[in-house]
Amino acid sequence: MKSVALVTEYNPFHNGHLYHVQKSKSITDSDISIAIMSGNFVMRGEPAIYNKFIRTEMALHAVDLVVELPAYASLSAGPYFGDTAVQIANYLDADYLSFGSESGDIDSFLELSSEMSRIEKTPAFAQKVKEGKSYPRIISELLTNNLLLSSPNNTLGISYINAIRKHDFTIKPITIQRNQANHHDNSIQNLQFASGTSIRNAILQKNNQWHDVVPKSNHPLFHPNITTTEDTFNYIKYALTTKNVSELKQIYTMSEGLEYRLKDYISQATSFETYMQLIKTKRYTYTHLQRVLMNILLNFTYENLPTKINAVRILGMNKQGQNYLKYLKLKYPERHFVTQINKRNASDFKNEILSTNVYNLLSNDVTTDFNTHVIRKN
């Protein structure tokens, strides 16, 4: 059975995602599409607008199998995010990994990845590491042409290809050019395609324009009570007030010295938005700051950063996905494909269970990892 993996957030699922799934299966001639989907928190450093179970239902109108991207990876920058996603794709025996990009040219990605690999072996790279510079900054300084890294989807694509190369996996990467809507468009500007940002804004503003850019079969799953960063503020304020600077320094993704700034300004803030305005500087992007704050909320630390995939959580599947899962269990009896969380396997998913419990505080939801079985669609 030929399979293609797609690294996703589906926050929420829209026509662009549908196009990506259909095009990916067509180009690769795959029997099975696998969505490796962020759980209840997403890469932008935000809670997802709907929980992972609702978003799995949305995804199953197009994909065959939905699995959960571990929570630490969901709140990480490109390299760790991409590396974890690729490890899961390999664990699921995916033949292809498909990602959306602004360029749509896989050869340029492969060439850039090779160039980055060459740079990593140079004395100039080693010197800049000694100077304490970050990997993205070093690469941007040493690359002769880094235009491909100027957009977020392209940067993620390079992370996937670098991870495949690093682990020497046989997964073949492909890329699908993004169709019309830009990644961070704030408003819906097209009658068929729109960015996730613009759809979330439309739902918040009770603007029904989102109806046109979301598959009609998913409309009943959308509701106006979405979860936002503002819902996290009081919990984050409590965590920042009760943790000392040494404890904050251990939080995953914390930049050196940022812990002092976060402590200094929290007493002045009255909302998540005003707090972001207080702590924002040229040195830190909004996305980086929001990731740090979500990791504080979840108490994710560098010490507990997962290093390998011991099991994969199956969130949902259709008939084809179920058949593929049976195939995987026969081919890899030593691997753990988990469709129901229980006391025996909970330790493999402690971060995801915690994320769901915290998300439920924000959303007043009651669906947990223990009381929600794998979602099946005929």
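The legends below describe close-up views of a predicted model.

Local features were taken at pLDDT of at least 70 and side-chain atom pairs only at pLDDT 80 or more, while totals for chains, interfaces and linings use all residues. Residues are numbered from 1 along each chain as its sequence is written, and side-chain values use heavy atoms, with hydrogens and water left out.

**Figure 1. The protein chain as a whole.** The chain has 16 helices and 10 strands (DSSP runs numbered from the N terminus: helices are H or I of at least four residues, strands are E of at least two). The C-alpha trace spans about 55 × 55 × 50 Å along its principal axes. Of the 378 residues, 54% count as buried (buried is under 20% relative accessible area, exposed over 50%, partly exposed in between; 1.4 Å probe, protein chains only).

**Figure 2. The ring pair Phe41 and Tyr359.** A search of the whole structure finds 13 aromatic pairs (rings of Phe, Tyr and Trp, the last by its six-membered ring, with centres within 6.5 Å; planes under 30 degrees apart are stacked, over 60 edge-to-face, the rest tilted). In the pair of Phe41 and Tyr359 the centres lie 6.2 Å apart and the planes stand at 90 degrees, so the pair is edge-to-face. Phe41 belongs to strand β3 (residues 41-42) and Tyr359 to helix α16 (residues 350-363), so the pair ties together parts 318 residues apart in sequence. Phe41 is buried at 3% relative accessible area, and Tyr359 is buried at 1%.

**Figure 3. The ring pair Tyr252 and Tyr302.** The ring centres of Tyr252 and Tyr302 are 5.6 Å apart and the planes are at 80 degrees, so this pair is edge-to-face. Tyr252 sits in the loop between α11 (245-249) and α12 (258-266), and Tyr302 in the loop between α14 (286-298) and β8 (312-318), 50 residues apart. Tyr252 is buried at 7% relative accessibility, whereas Tyr302 is partly exposed at 39%.

**Figure 4. Arg335 over two tyrosine rings.** The charged end of Arg335 sits over the ring of Tyr332, 3.7 Å from its centre (the criterion is NZ of Lys or CZ of Arg within 6 Å of the ring centre and within 35 degrees of the ring normal). Arg335 also lies over the face of Tyr91, at 5.3 Å from the ring centre.

Figure 5. Asn15 lies in helix α1 (residues 15-28) and is buried, with a relative accessible area of 12%. Leaving aside neighbours within four places in sequence, Asn15 is in contact (heavy atoms within 4.5 Å) with Gln192, Phe193, Asp212, Val213, Val214 and Pro215.
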